[in-house]
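Okay, thanks for coming, everyone. Have a look at the model on the screen, and I'll walk you through a few spots in it.

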Amino acid sequence: MFELNMELKKLRELELKTKGLAARIQTTKNCDGEVDVDLIQLQIENKKLKNRLFILKKSIAEESTAGGMQLKDCSSITEHLESLFAQAIASAFPKYSDTPVVIAPVNSSSAKFGDYQCNNAMGLSKKFKESGINKNPREIATELKGHCPSSPIIEKLEVAGAGFVNVFLSKDFAALALSNLLRNGVKPPQVPKKRVLVDFSSPNIAKQMHVGHLRSTIIGESVCRLLEFLQHDVIRVNHLGDWGTQFGMLIAHLEDRFPNYLNESPPISDLQLFYKESKKRFDEDEEFKKRAYSRVVSLQKGVPNSIKAWELICNVSRKEFQTIYERLDISIKERGESFYQSRMLSVVEYLRGKALLEEDEGREIMWPDDTKTGIPLTIVKSDGGFTYDTSDMAAIRHRVEEELCDWIIYVVDSGQSTHFNTIFKAAERCAILKPRSHRVDHVQFGVVLGEDGKKFKTRSGDTVKLADLLDEGMKRSLQQLESRGRDKVLTPQELKDAQQSLAYGCIKYSDLCHNRISDYIFSFDKMLEDRGNTAVYLLYTYTRICSIARNSGEDFSNLSEILKKVKIELTHEKEWKLAKTLLKLHDILIKCSKELFLHFLCEFCYEVCTVFTEFYDSCYCIEKNKLGEIIEVNHSRILLCEATAAVLRQCFYILGLKPVSKM
């Protein structure tokens with residue numbers, strides 16, 4: 001199905017090319033009727049394109065008529081339907097074959113209107129009217145229905161209302177798809193594979209990670225997990241702030257506090273305090289300030305003692321960062337600003353060679369586009385030094401030319417949107433970024449607010465340290481588990497696992513379940529609620545699902561063997577509703593990857609849990625008598641439970657939640 005979509009796209013592109021070449025051939029003739037020297041070459045190229053077009057149309061027609069279109073386990077339902085109706089439009093109305101297909105899911109409460117709708121008839125009717133032909137939408141919808149190829153996914157098509165084509169999914173297809181899911185695991189939808197670099201987290205050396213780093217770290221990790229699941233080649237990069245003038249004062253202070261630092265590793269227990277001490281001396285002591293500046297110069301020149309001091313300071317920070325990353329289960333590769341020092345020199349020469357740098361009051365600046373409006377980049381300062389602009393231009397060049405990335409993603413707060421827009425435009429202007437072959441995204445996000453609606457701070461007004469926030473989460477989650485008496489039924493290890501699952505899960509989910517562009521209020525009380533769209537509700541529901549097979553008294557560990565004897569039945573309306581909800585997974589994952597919003601996946605998880613609860617309340621899985629003895633086990637429904645657990649488990653992994661079997 002994915003391949004067919006790509007072929008249809010090629011078909012449209014080739015049709016446009018042949019039309020364009022035909023027009024060029026007509027205009028290439030001289031006014032006296034003689035043929036220009038380029039005409040023969042154009043005609044040869046046009047003939048080749050027409051031949052390719054014929055072969056492509058033939059192969060698509062053969063695939064469409066050979067028993068209908070086949071659907072793979074890795075297919076997206078929406079994309080499959082788009083492909084079907086693209087063929088229906090091309091077959092019924094060849095003139096409008098390039099019309100984008102509009103497929104929309106139908107609200108699950110409106111079963112009589114089917115599961116999906118093709119909503120193209122109204123738009124096509126308008127196009128016919130513009131060309132002087134009156135054709136009502138319902139008539140067009142009827143023709144689309146008649147020309148739609150058969151597919152194992154579709155039970156029936158109906159024309160409804162003003163001209164909607166309602167699509168009813170096949171229960172046989174759904175049962176087979178869920179059986180395959182249980183046999184083979186949750187497979188990703190098929191998408192074009194790219195080499196992707198995700199730049200996220202990015203704390204500064206000598207400063208502790210604080211709540212401001214929370215969003216970039218959590219969102220970035222989930223974006224990586226999503227794209228990795230979709231089989232992209234993902235590079236995770238931590239663009240550490242490990243270079244700059246502040247290291248001069250840190251090195252000078254280190255020399256005074258720990259003069260033997262070259263032979264003994266200095267016992268710096270609180271790097272944040274160390275930074276404050278050096279900053280105070282820098283602001284108050286002129287002699288110290290001069291020495292600090294000299295240490296910046298020696299660091300940039302690579303003087304061994306300064307390099308050693310810089311490495312010691314960086315290593316202290318790295319250990320602190322790694323502790324946070326391990327707690328939050330974050331995997332990331334360090335590549336700080338220092339990495340790009342030599343590359344900054346080469347990018348400056350590259351821009352000079354293209355005559356894109358202009359002198360401005362001693363600086364060398366670069367305008368992001370030829371209009372020379374907006375804010376220019378400062379590439380070289382008046383003292384010959386470099387800036388963040390230089391570093392970012394060097395980084396984007398390295399990522400495209402050396403890392404060979406097709407797609408670069410920056411997970412950085414919304415306050416940097418102007419800066420990144422300028423960088424992206426400048427990179428295009430100097431031909432580092434090529435819009436046709438590279439995708440670049442600024443995944444921006446809002447601010448974390450306190451319950452007072454203001455920027456999240458401690459009571460004393462300081463920035464909240466991330467380590468303190470995680471400790472508070474652990475404390476609150478344990479209190480909640482104890483209030484439910486779970487400490488009396490779980491083993492110490494099970495209790496600790498449940499505590500960590502809730503603590504870190506609720507912090508991550510509370511961030512990801514909001515539209516990332518919006519600010520959100522950080523509240524432990526709300527995120528630890530066990531009702532509504534919270535991590536606690538999802539994790540409890542998952543644990544309950546896992547317990548069903550366990551409590552049946554039978555062994556459901558070998559699902560492939562069970563599926564040889566048991567067929568999934570979808571006769572009850574709640575069984576059917578749950579099955580259709582689970583099959584939305586691929587559509588949701590593709591939507592998330594296109595727009596890089598994780599809250600769509602959170603909403604899907606919540607929908608799965610609420611629909612499962614409806615199913616469980618209406619359909620018995622295990623029937624017991626008055627004595628509590630099991631008298632019947634509905635194997636088909638337990639298989640539905642297992643499929644639900646498998647889908648949630650995969651979604652939870654992408655979102656960074658760690659479910660436990662007992663909670």
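Let's start with helix α20, residues 573-582, which is mostly covered: 8 of its 10 residues are buried. Buried here means under 20% relative accessible area, exposed means over 50%, and partly exposed is in between, with a 1.4 Å probe and protein chains only. Helices (H or I, at least four residues) and strands (E, at least two) are DSSP runs, numbered from the N terminus. The buried residues of α20 include Trp576, Leu578 and Leu582. And what covers them? Among the elements doing that are β4 (164-169), α6 (171-184), α21 (585-595), α22 (599-618) and α23 (635-655).

Quick word on the source: this is a predicted model, where local features need pLDDT of at least 70 and side-chain atom pairs count only at pLDDT 80 or more, while totals for chains, interfaces and linings use all residues. Residues are numbered from 1 along each chain as its sequence is written, and side-chain values use heavy atoms, with hydrogens and water left out.

Okay, on to strand β5. 4 of the 5 residues of β5 are buried, so the strand is largely enclosed by the rest of the structure. β5 pairs with strand β6, residues 233-238, in the parallel sense over 5 bridges; to count as paired, two strands need at least two DSSP bridges between them. Take Val196: its bridge partner in β6 is Val234. Getting from β5 to β6, the chain goes through α7, and this β-α-β crossover is right-handed. That is, with the strands pointing away from the viewer, the path from the first strand over the helix to the second runs clockwise. β5 also runs parallel to strand β11, residues 407-411, joined by 4 bridges, and there Val196 stands opposite Trp407.

Now, that helix α7. How does it pack with helix α16, residues 492-512? At an angle of about 85 degrees, with the axes 10 Å apart. So α7 is roughly perpendicular to α16, a label for angles of 65 to 115 degrees. The contact (heavy atoms within 4.5 Å) involves residues including Ile218 and Ile219 of α7 and Ile507 and Leu512 of α16.

Last stop, two loop residues. Ser202 is in the loop between β5 (195-199) and α7 (214-229), and its phi is near 50 degrees, a positive value in a residue other than glycine. Glu361, in the loop between β8 (358-360) and β9 (363-366), also has a phi near 50 degrees. Buried or exposed, then, for Glu361? Exposed, because its relative accessibility is 75%. Ser202, at 24%, counts as partly exposed.

Definitions and conventions:
Axes fitted to C-alpha atoms, helices over the stretch in contact; angles between N-to-C directions. Parallel < 35°, antiparallel > 145°, perpendicular 65-115°, else oblique.
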